[in-house]
Amino acid sequence: MSNSTKTTLPPEWDDDERMNFMFSDFKENRDVNTTDWDSKMDFWTAVVTQSCRDRGTVCVNLQDLNKSFRRKEKSPLGLGTVIQSMARCGKIQRESEFAANVDCGWLSWGVGLLLVKPLKWTFSTLLGGNRVPLEESFVVIELVKEKAAELLGAYRSSEFASRSILSFQELCTLSSDVCADESTLCMALLQLQRDKQVTVSLHEGEKIVKFCQTGQDRVTPVSDVDIGIYQLQCSEKLLGERVEKLGLEADKCKEEARLLLREGKKSQALRCLRGRKRVEKRADNLFAKLESIRGILDRIAQSQTDKMVMQAYQAGVSALRLSLKDVTVERAESLVDQIQELCDIQDEVSQTISGGVTSADEDIDELEKELKWLVDESKPDAVFPEIPTNHLGPVWEPSLPGDNQLDSLPTVPRSHLNISTEQLEEELNQLTLTDSGFQQKKSPAKRLEPAQ
């Protein structure tokens with residue numbers, strides 16, 4: 001295969017036995033071996049399509065295919081048959097036939113794409129020649145549709161999306177990453193024309209392309225309003241570039257004046273400053289015109305928006321009128337009366353149903369009492385501590401010093417009491433008098449002290 005073309009090769013490309021079969025010519029009669037014929041045809045159809053996709057082109061000719069698929073100094077012998085089969089199946093189409101289906105007069109306006117083929121090609125077609133001319137170009141339908149969709153997507157995602165008309169040169173710049181060359185761009189534009197998504201026309205010797213806007217099914221013809229807007233946009237672009245250039249020139253004059261002043265050339269520095277003032281004045285005048293054009297474009301955009309809103313209002317009014325076509329006030333009142341009558345019937349039915357169970361409400365208090373009794377009964381019984389089985393007397397088993405409760409009692413006196421017999425008898429007499437009914441006068445008791 002040629003080193004100048006990078007394409008995705010099939011896995012069996014390095015299999016000599018398999019490639020010898022693929023590089024051989026087709027049998028004259030497919031019915032001899034339909035399996036081998038179809039296998040070889042499917043192989044080369046997929047390879048040709050993938051090769052064009054990898055190169056970013058939508059057109060192919062036999063001469064380029066023979067160069068691209070050379071292997072070990074050999075070219076496939078059956079590529080002409082492959083081209084003819086793909087053309088019969090509608091997978092490819094002659095470039096001239098493809099362009100003849102749309103208004104392609106603009107292609108002759110210096111685009112660089114020649115659609116008028118040499119006479120010998122036309123004669124070979126008319127005479128029914130089976131051989132495909134080496135230089136005849138064919139359009140791969142699948143790929144040109146893909147390129148057309150990519151081109152339309154690139155336009156709608158670009159800064160030009162708000163503009164319906166673009167110059168051909170602007171479109172070439174915009175599509176540089178989508179279309180490999182100008183021929184591919186033209187084929188994509190022809191496909192978009194077939195799909196009613198663009199229209200191409202000539203204005204003052206310049207090719208312009210109008211795109212279908214978002215929300216529209218198809219592009220509308222270029223009108224005088226479109227041309228006026230396009231001219232304003234071109235003027236805006238030119239004035240913007242001119243103002244920017246004058247600004248750079250004014251900055252240059254200022255810098256020159258500064259350098260001359262440092263060198264002591266005051267008179268020359270003054271001339272530079274005067275020149276800077278003149279440049280700034282021209283820039284201000286151009287900027288004022290630029291702002292006027294921008295204001296006009298804004299008003300046009302606003303008017304288009306207002307027009308869309310008005311169209312939406314009109315559509316809404318029409319839809320509302322159709323939806324209320326059979327609706328009248330009398331009919332609405334009749335429906336409301338019917339609904340009210342049905343509601344009254346429903347209320348009566350509900351009252352009748354509820355009246356059958358009124359007697360059950362009288363027993364609701366008894367049911368609530370029974371329910372409360374069931375709730376109380378379901379509560380768990382109180383848990384009491386177990387009854388001890390040992391002796392009731394306290395049992396002290398001191399295990400640590402200070403834990404014995406007897407330690408808190410006073411010490412038992414060991415000595416004799418220091419009290420006489422006479423004192424004891426006197427106390428006894430007082431107790432006797434108290435028991436006889438006499439009230440004993442309480443006096444502070446004399447504390448007994450142990451004998452020392």
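Because K237 lies in helix α10 and E170 in helix α8 (residues 168-174), the pair ties together parts that are 67 residues apart in sequence. Helices here are DSSP runs of H or I with at least four residues, strands are runs of E with at least two, and both are numbered from the N terminus.

Buried stands for under 20% relative accessible area, exposed for over 50%, and partly exposed for what falls in between, with a 1.4 Å probe and protein chains only.

## Other salt bridges

Side chains of opposite charge can pair when their charged atoms come close. The whole structure holds 17 salt bridges. One of them joins E150 and K147, with an N to O distance of 3.7 Å. Both residues belong to helix α7 (residues 141-156), where they are three residues apart, about one turn of the helix. E150 is partly exposed, with a relative accessible area of 38%, while K147 is buried at 13%.

R94 and E97 form another salt bridge, at 3.8 Å from N to O. R94 is partly exposed at 24% relative accessibility, and E97 is also partly exposed, at 36%.

## Basis of the model

Residues are numbered from 1 along each chain as its sequence is written, and side-chain values use heavy atoms, with hydrogens and water left out. The model is predicted, so local features need pLDDT of at least 70 and side-chain atom pairs count only at pLDDT 80 or more, while totals for chains, interfaces and linings use all residues.

## The chain as a whole

The secondary structure consists of 14 helices and six strands. The chain has 452 residues, of which 28% count as buried.

Of the contacts between residues at least 6 apart in sequence, 66% join residues at least 24 apart. A contact means heavy atoms within 4.5 Å.

## Charged patches on the surface

A patch of positive charge on the surface is made up of R242, K245, R271, R274, R278 and R282. Helices α10 (224-262) and α11 (266-323) are the elements that give two or more residues to this patch. The largest share, four residues, comes from α11, and R274 is found in that helix.

A patch of negative charge gathers E330, E333, D337, E341, D344, D347 and E348. Within this group, D337 lies in helix α12 (residues 329-355) and is exposed at 52% relative accessibility.

Patch members have over 30% relative accessible area and no salt bridge; like charges are joined within 9 Å, and nonpolar side chains (Val, Leu, Ile, Met, Phe, Trp, Tyr) within 5 Å. Lys and Arg count as positive and Asp and Glu as negative, with His and the chain ends not counted. The place of a charge is NZ of Lys, CZ of Arg, CG of Asp or CD of Glu.

W37 lies in helix α2 (residues 34-55) and is buried, with a relative accessible area of 14%. Apart from neighbours within four places in sequence, W37 is in contact with F26, K27, R30 and T81. The C-alpha atoms of W37 and D25 are separated by 9.9 Å, the two residues being twelve apart along the chain.

T45 is also in helix α2 and is buried at 11% relative accessible area. Beyond its neighbours within four places in sequence, T45 is in contact with V82, M86 and K91.

## Positive phi in two loops

E73 has a phi near 65°, a positive value in a residue other than glycine. E73 sits in the loop between α3 (62-68) and α4 (79-88) and is exposed at 68% relative accessibility.

E204 likewise has a positive phi, near 50°. E204 is in the loop between β5 (198-203) and β6 (206-211), and its relative accessible area of 70% makes it exposed.

How values were computed:
Areas by Shrake-Rupley, 256 points an atom, 1.4 Å probe, with all protein chains shown as cover. Salt bridge = Lys/Arg side-chain N within 4 Å of Asp/Glu carboxyl O.
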